[in-house]
Amino acid sequence: MTFQQPSSALIAHPIPKGRRGSPAFPIRNLRRYITLISQQLAIGASLIVKYPFKKPPVPTWPLHLTLFVAVFQVTEAHQEHFVEDISDIRFWIDTFFYYLPKLPQMQIVPFKLPIPAQGRGFGGVLEPLEQAENGHRVLPGQWISDSRVWNRIMHMPLARSAQGSKDPCAAREGEKVILYYHGGGYFICSTATHREMLWRISKATGRRIFAVDYRLAPEHPFPAALHDASHAFCHLTDPKECGFDPANVTVAGDSAGGGLTVGLLMYQRDQGMPTPSKGVLLSPWLDLTMTCESWVTNEMDYLPSPPKTEHHFNPISFYCQPNVKALSRHPYISPLLGYLGELPPLLIQCGEAERLRDECVLFTYKAGGCLGSSNRLPFQKTASSPRHQSRHVELDMYPGMVHVFQAIPFLPEANMALERILEFMQRKEGEVEEHGEVEVEEEEEEEEEEVAVLGVEEETKEAENMFTAS
């Protein structure tokens, strides 16, 4: 598939193939970076002084959330003055997270997944990319876990489904795992930028996290990210690789990674492929047409307002090449506009003050979902088909919270959200086990009934034979 760079993209120099490693400090940008940092410090100091006397944009916001949003907003407002191209944005982000100290409780294990020649035979929109694979490409990522969780799991015996695996991180007997796709508008961020949040998710849930650095736009537009997401799941569940049972896999993602998660589930459903048992979506980006009202009304969120088509850093133009208007409505890109039946159970978490709020609500409504763990819908269903009434989609909306608030440490709502993720996964896994036990009991009852019927038939035949003989 030929790469067509959109006219709005600014890439002054080649992007390194590897997205990790020690970044080199560009002296040419020193003056602009110092100016930006000075502005951020000035705004931060002003907010600290005014906070006791002036209410924050949302009355329930603590000081550190108010500072976080304000610094983000000033960075976005002045980005065109200190950022020349996408390389600068990625450098700025990677530099910060490269030098950010790694907590000693974190267990980080990098990996590289080899992509076989001709791929794994994916069809549909992924077929051209599969045919282009020459066997030399690798997909990088990281195992991220709390060290105690990692040590406990590594002492467990190897799973039966992974007996043929040579991977030292292969599945353990009875282990549940989380496959994670990071956010970043499909053109920035990585597993390194999300490692602190993923560590907290691992600590809260007691599970290892398999996080993937999928290819980014505009160098790799749709469906490259979906292609890598599919390979990651297949590697995780391949008996010769990691060997996890799909029933023990929960797929998750935030923002663009949340939209990618739903796109993967829809693609797997359409292709008749095995799917994860459930999904967790943190502030998912589900509609790249950006027509929902909250994009305009929720100005207090740190996400920028919808960019114009010709904007230099328009993620939609980057990802939806070459026809933005048509591709932005593709169901694997904007799942809100697709058929939402026959998907595994989903938990959606969003903030009431974030710009993506309305599309999360509409997605839940269209999928026939409900608020929280309630069994009653807060709205009237319009579809009568059972396929639209699975009630497998649950939406948690947190008052006053912003986009992907789970990533902000020390927020009580973030800790509540992580506990809720564990509750959702355990409850759905318990329902599956109960359903399996019920099926086994029904099968045993049916067998007993069949035996009883056969016994009655034999007794009847014996009686008939005796009657005939007499």
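**Strands, helices and core of a predicted model**

Trainee: Is strand β9 mostly covered or mostly open, and how many of its residues are buried?
Mentor: Strand β9, residues 393-398, is mostly covered, with 5 of its 6 residues buried. Please keep in mind that this is a predicted model.

Trainee: In which sense do β7 and β9 pair?
Mentor: Strand β7, residues 346-351, pairs with β9 in the parallel sense, over 6 bridges. Within that pairing, aspartate 396 of β9 is the bridge partner of glutamine 349.

Trainee: And how many bridges join β8 to β9?
Mentor: Strand β8, residues 370-371, is joined to β9 by 2 bridges, and these strands run parallel. The bridge partner of cysteine 370 in β9 is glutamate 394.

Trainee: Back to glutamine 349: where is its place, and why does it count as buried?
Mentor: Glutamine 349 lies in strand β7. It counts as buried because its relative accessibility is 0%, and the cut-off for buried is under 20%.

Trainee: What is glutamine 349 in contact with, leaving aside neighbours within four places in sequence?
Mentor: With those neighbours left aside, the contacts of glutamine 349 include Leu281, Leu282, Ser283 and Pro284. Asp396 and Tyr398 are also among them, as are Gln406, Ala417, Arg420 and Ile421.

Trainee: Changing topic to helices: why is α7 largely enclosed?
Mentor: Helix α7, residues 195-205, is largely enclosed by the rest of the structure because 8 of its 11 residues are buried. Among the buried residues are Arg195, Trp199, Arg200 and Thr205.

Trainee: What follows α7?
Mentor: Glycine 206 follows α7, and its phi is positive, near 70°.

Trainee: At roughly what angle do the axes of α8 and α9 cross?
Mentor: The axes of α8, residues 224-237, and α9, residues 256-271, cross at roughly 70° and come within 10 Å. The two helices are therefore roughly perpendicular.

Trainee: Which residues make that contact?
Mentor: Helix α8 contributes Ala225, Leu226, Ala229, Ser230 and Phe233, while α9 contributes Leu260, Gly263, Leu264, Tyr267 and Gln268. By class, the contact has 7 nonpolar, 3 polar and no charged residues.

Trainee: Last topic: which residues of the largest nonpolar core touch the most other members?
Mentor: Those are Trp143, Leu179 and Tyr181, in a core of 109 residues.

Trainee: What is leucine 179 in contact with, neighbours within four places in sequence aside?
Mentor: With those neighbours set aside, leucine 179 is in contact with residues including Phe210, Val212, Ala232, Phe233 and Leu236. Val249, Thr250, Val251 and Ala252 are also among its contacts.

Key: Residues are numbered from 1 along each chain as its sequence is written. This is a predicted model: local features need pLDDT of at least 70, side-chain atom pairs count only at pLDDT 80 or more; totals for chains, interfaces and linings use all residues. Side-chain values use heavy atoms; hydrogens and water are left out. Buried means under 20% relative accessible area, exposed over 50%, partly exposed in between (1.4 Å probe, protein chains only). Helices (H or I, at least four residues) and strands (E, at least two) are DSSP runs, numbered from the N terminus. Two strands pair if DSSP finds at least two bridges between them. Axes are lines fitted to C-alpha atoms, for helices over the stretch in contact, and angles run from 0 to 180 degrees between N-to-C directions. Angles under 35 degrees count as roughly parallel, over 145 as roughly antiparallel, 65 to 115 as roughly perpendicular and the rest as oblique. Contact means heavy atoms within 4.5 Å. Ala, Val, Leu, Ile, Met, Phe, Trp, Tyr, Cys and Pro count as nonpolar, Asp, Glu, Lys and Arg as charged, and the others, Gly among them, as polar. A nonpolar core is a set of buried Ala, Val, Leu, Ile, Met, Phe, Trp, Tyr and Cys residues joined through side-chain atoms within 4.5 Å.
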